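Dear colleague,

I am passing on the structure that we spoke of, and my notes follow directly below it. Please read them with the coordinates open.

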Amino acid sequence: MLRQFSLRAKLRLINLVALTALLVIGISAIEARRSSMMEDVRRQLRDQMSIVFSMLDHYRLQAESGALSTAEAQQRALAQLRSIRYQDKEFFSVGSMEPVMLMHPAVPALEGKNFGELRDKNGKAFIREMLDKTRSHGSAYVEYWWPKAGETAPSPKLSFARHYAPWDWLVNTGMYIDNINRQFYRDSIWFVGVLLLVSLLVTVLSNLLGQSVLSALQDILTRMRAVEETGDLSQRFPTERRDEFGELARGVSSLLGSLREAQTELRQHRDSLEEMVQAQTQDLRQAKEEAERANAAKSLFLSNMSHELRTPMHGVLSFAKIGEEKAQLLSTSATPARPDMERLSTYFQRIHSSGARLMNLLNDLLDIAKLESGRMELNLQPLSLNSCIQQALQEFEVQLQTRQLSIALQLPEADCSLLADHFRLGQVVRNLISNAIKFSPDKSEISIRYHCSPPDAAGTANVELVFADQGVGIPAAELESVFDKFVQSSQTRTGAGGTGLGLAISREIVQAHHGEIFARQRPPQGSEFVIRLPVSMPSATQTTQRN
């Protein structure tokens, strides 16, 4: 908490604490002095009372021995008590416990009268208090106000009363304590004077010390701020002081000197490093430009060679198909060469199957090349999602029946129409259905659903299309990397086939439609691929731009 206060405030707090401590100590000392003086008065009263009780015991013993009658012994005892004085003016008085005053040397008029209702100037019934306490404890100290002999003004007095049980007397004596109060007042005035003097000295000394500390600290802080604002490490600090601030200034000066040396070395290294970086940057720039030119040439070559690569492959597939049909036709005829025709049909089937796989690979490679080179154009037309999904499922009907896979279609009643390239978006749908079939266990279910969201604040409505399977799924760490070229999930890399280009091509096509595609896990088993597309596009025809 003290960290929130300034050094000046902390010094003032120390001053205040010191003065408070002096005040508490002084008050405690005065109270202790007064308590000591009052205890001395009580001790004197007890001693005087002990002497009187010894005298009363003397007369009581004479009465018990028969030397004197009880009444005579009491009269002699009262006569002797009347003449006793101590401290020049202090005396004893005796009364019965009824109470009736038996002897009062200062006010004889009270003798023979009931004195139980006597009160001091404050209305305190001090006699009644004496009687009650002596009945309970045998003796009592009582403070009250009563005039001194020959005076009318009351003064504070401390009385000590004791019950003399053999004769049932209340013996009382007291001493005025106004002198103790006067001494207390004198001590208080003296203490206040000393406290004021000490407070003045402490305040002056603390201010001088605080000013010295604060001025030295402020000087160092000012120079440090100058270093911070200007960055000038040559700033000089006062190092001639021999106290802690001098040590601090010398330490800061030494630190700045080290920083100046380090700054000089860094500047030299920076100059040499800039030259090295410039040279290496030039080499890297040249290598990057050469790599970009080579990549552009590769993509341009593949794009330009698309028809040249596809034309002979179409020929191979066409003639393989014709040969397969001829072989099947001949194999059904009743000729001696039927077994040979069946083998020939098998050969043509293998040629056609291998050529089809090679054609798919070439198509994927050429699509990637076109997308990377920016030469793939999108023909955006109104598209019915329901029709697109239904047409794609018809192409996979045989595979679904062979694997005993069921399709759970969750299509909205109102068809969602959006601007898209029919062929390219259909290619994405076929890729995702093909992947779901390929990696789903037999007799499982594939779910396809979509819904259209209402327009947002910007007036844009989106459609979300989801393909879900019950396969082995995709690890969380690979949900993004499966969309990279030539990359397959570690869970699906089991020899099921594929080039690792389908998802990469799908992402390129979806992004060309200003949409997004991503994968997520499907508890408890399987994975989901989600496509989000805007319902409308800026223009009816758009060419993808890829850097």
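In which hand, left or right, does helix 8 pass helix 10? The crossing is right-handed, a term that applies if the near helix is turned clockwise from the far one by less than a right angle, anticlockwise being left-handed. Before going further, please note that this is a predicted model, in which local features need pLDDT of at least 70 and side-chain atom pairs count only at pLDDT 80 or more, whereas totals for chains, interfaces and linings use all residues. Residues are numbered from 1 along each chain as its sequence is written, and side-chain values use heavy atoms, with hydrogens and water left out.

Helix packing

Helix 8 (residues 385-395) and helix 10 (residues 422-438) pack with their axes 10 Å apart and at an angle of about 50°; helices here are DSSP runs (H or I, at least four residues) and strands likewise (E, at least two), numbered from the N terminus. The axes are lines fitted to C-alpha atoms over the stretch in contact, and angles run from 0 to 180 degrees between N-to-C directions. Helix 8 is therefore oblique to helix 10, since angles under 35 degrees count as roughly parallel, over 145 as roughly antiparallel, 65 to 115 as roughly perpendicular and the rest as oblique. On the side of helix 8 the contact (heavy atoms within 4.5 Å) is made by Cys388, Ala392, Leu393 and Glu395, and on that of helix 10 by Gly426, Val429, Arg430 and Ile433.

Salt bridges

The structure holds 22 salt bridges, each being a side-chain nitrogen of Lys or Arg within 4 Å of a carboxyl oxygen of Asp or Glu. One of them joins Asp178 to Lys148, with the closest N and O atoms 3.0 Å apart. This pair links distant parts of the chain, 30 residues apart, with Asp178 in helix 4 (residues 178-230) and Lys148 in the loop between strand 3 (139-147) and strand 4 (154-164). Asp178 is buried, at a relative accessible area of 12%, while Lys148 is partly exposed at 25%; buried means under 20%, exposed over 50% and partly exposed in between, with a 1.4 Å probe and protein chains only. Asp178 also meets Arg182 in a salt bridge (3.3 Å, N to O), and both residues lie in helix 4, four residues apart, about one turn of the helix. Elsewhere, Glu39, Arg42 and Arg46 are linked in a network of salt bridges.
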